[in-house]
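I opened this notebook to record what I looked up in one protein model. The entries follow in the order in which I made them.

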Amino acid sequence: MISKLSHVSIFVLSQDSAYNFYVNTLGFKVHTDAPMGPGMRWLTVCPPEQPDLEISLMAIAEGMMFDKESAKQMRDLVSKGTFGFGVFECNNLLATYEELKAKGVKFTKEPTKEFYGFEALFVDDSGNWFSLGEKEKKS
């Protein structure tokens, strides 16, 4: 029986730029940053309060996963914001929104109360988009 998800990938246009965005802007922690052969790098980060979930910042490059044409198509999809998305949580959406906005994060939707919760939308430096939601307060 599967017990948990330990790794997930976010495809990025540049691992160096993604490192800066996820670590220095979003405040994630580096879990692993290791070379994996010529021109390859295994880079994983995690949210500070979720160290057991490693997010692999996976470079879109010709090689093991992609041939030349597939890599080009994938870069196009990611940069247009049409490939994937994720949902991050925070304890105080308004404060986190203001903090990240001041650091230059591009928000495509300001904090808004929706039927499913309180959220804002932002994009990373590659074009991936994310929902940022406030955790429900436990009573």
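The entries below go from the overall fold to the nonpolar cores.

I note that this is a predicted model, in which local features need pLDDT of at least 70, side-chain atom pairs count only at pLDDT 80 or more, and totals for chains, interfaces and linings use all residues. Residues are numbered from 1 along each chain as its sequence is written, and side-chain values use heavy atoms, without hydrogens and water.

**Fold.** I found three helices and eight strands in the protein chain, taken as DSSP runs (helices H or I, at least four residues; strands E, at least two) numbered from the N terminus. Their order from the N terminus is β-α-β-β-β-α-β-α-β-β-β.

**Dimensions.** I looked up the box filled by the C-alpha atoms along the principal axes, and it is roughly 50 × 35 × 30 Å.

**Burial.** Of the 139 residues, 37% count as buried, meaning under 20% relative accessible area with a 1.4 Å probe, protein chains only.

**Main core.** I next examined the largest nonpolar core, which has 24 residues; such a core is a set of buried Ala, Val, Leu, Ile, Met, Phe, Trp, Tyr and Cys residues joined through side-chain atoms within 4.5 Å. Y22, L26, L57, F107, F122 and L132 touch the most other members. Elements that each supply at least two residues include β1 (7-12), α1 (15-25) and β8 (129-134). The largest share, four residues, comes from α1.

**L26.** Beyond its neighbours within four places in sequence, L26 is in contact (heavy atoms within 4.5 Å) with F21, L100, V105 and F122.

Conventions. Buried means under 20% relative accessible area, exposed over 50%, partly exposed in between (1.4 Å probe, protein chains only).
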